[in-house]
Amino acid sequence: MTIQNFEDLVIWQEARQLNKEIYTEFNRNRDYSFNDQIKRASVSIMNNIAEGFDRSKVAKDNKQFISFLNISNGSCGEVKSMLYLAHDLNYLSMDKAENLRTKCISISAKISALIQTLQANNGQNNRNE
């Protein structure tokens, strides 16, 4: 399958779903500072995938995409860390926090695999454009 748009990327789709779950879980939480931080980090995962993908289309190489994927991966780690805090503060059950962390781990692994693939291709655009 040829990837034409960031919406075609499984990692972006999974990050979007994670975002929806984060927003749903923390929608009624009154710790607004916490909510803002975890939501911003979650949004950063999907938005950096999208921005990096689209910038690489203009630049005709994947160097910027790799950079944005690294930022996305860092945001994934931030969300995962905050999910520990959410459990510690009794904002989430242990099961729910673990479920969301597992999704973060999965997304992070896929981002890392994509970075390795892009680096192995020496930054060449391999989307058959």
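Leu85, a residue of helix H3, has a relative accessibility of 37% and therefore counts as partly exposed; the classes are buried for under 20% relative accessible area, exposed for over 50% and partly exposed in between, computed with a 1.4 Å probe on protein chains only. The C-alpha atoms of Leu85 and Phe34 are 9.4 Å apart in space, while 51 residues separate the two in sequence. The model is predicted, so that local features need pLDDT of at least 70 and side-chain atom pairs count only at pLDDT 80 or more, whereas totals for chains, interfaces and linings use all residues. Residues are numbered from 1 along each chain as its sequence is written, and side-chain values use heavy atoms, with hydrogens and water left out.

Helices (H or I, at least four residues) and strands (E, at least two) are taken as DSSP runs and numbered from the N terminus. Two packed helices are described by the angle between their axes and the distance between the axes. Axes are lines fitted to C-alpha atoms, for helices over the stretch in contact, and angles run from 0 to 180 degrees between N-to-C directions. Angles under 35 degrees count as roughly parallel, over 145 as roughly antiparallel, 65 to 115 as roughly perpendicular and the rest as oblique.

Helix H3 (residues 63–88) and helix H4 (residues 94–120) have axes that come within 9 Å and cross at roughly 165°. H3 is therefore roughly antiparallel to H4. The crossing in which H3 passes H4 is left-handed, a term for a near helix turned anticlockwise from the far one by less than a right angle, with clockwise giving right-handed. The contact of H3 with H4 comprises 17 nonpolar, 7 polar and 2 charged residues. In this classification Ala, Val, Leu, Ile, Met, Phe, Trp, Tyr, Cys and Pro count as nonpolar, Asp, Glu, Lys and Arg as charged, and the others, Gly among them, as polar. Asn90 lies in the loop between H3 and H4. The phi angle of Asn90 is near 65°, a positive value in a residue other than glycine, and Asn90 is exposed, with a relative accessible area of 67%.

For H1 and H2, the packing angle is about 165° and the axes are 9 Å apart. H1 is therefore roughly antiparallel to H2, and H1 passes H2 in a left-handed crossing. On the H1 side the contact (heavy atoms within 4.5 Å) includes Ile11, Trp12, Ile22, Tyr23 and Phe26, which meet H2 residues including Phe34, Ile38, Lys39, Val43 and Ile49. By class, the contact of H1 with H2 has 14 nonpolar, 3 polar and 2 charged residues.

Helix H1 (residues 10–26) also packs with H4, at an angle of about 155° and with the axes 10 Å apart. The two helices H1 and H4 are therefore roughly antiparallel to each other, and H1 passes H4 in a left-handed crossing. Among the residues that make this contact are Val10, Glu14, Leu18, Glu21 and Glu25 of H1, and Lys96, Asn99, Leu100, Lys103 and Lys110 of H4. The contact of H1 with H4 has 10 nonpolar, 2 polar and 6 charged residues.

Individual residues of H1 were also examined. Glu21, placed in helix H1, counts as buried at 12% relative accessibility. Beyond residues up to four places away in sequence, Glu21 touches Lys96, Asn99, Leu100 and Lys103. Tyr23 is found in helix H1 and counts as partly exposed at 38% relative accessibility. With neighbours within four places in sequence left aside, Tyr23 is in contact with Lys39 and Val43. Tyr23 and Gln4, 19 residues apart in sequence, lie 28 Å apart in space, C-alpha to C-alpha. Thr24, placed in helix H1, is exposed with a relative accessible area of 56%. The C-alpha atoms of Thr24 and Asp36 are separated by 13 Å, the residues being 12 apart along the chain.

In soluble globular proteins, nonpolar side chains tend to be buried together. A nonpolar core is defined as a set of buried Ala, Val, Leu, Ile, Met, Phe, Trp, Tyr and Cys residues joined through side-chain atoms within 4.5 Å. The largest nonpolar core has 32 residues, and those with the most contacts inside it are Ile45, Ile49 and Leu83. The elements giving two or more residues to this core are H1, helix H2 (32–59), H3 and H4. Leu83 is in contact with Ile22, Phe26, Ile38, Leu92, Ala97, Leu100, Arg101 and Cys104, leaving aside neighbours within four places in sequence.
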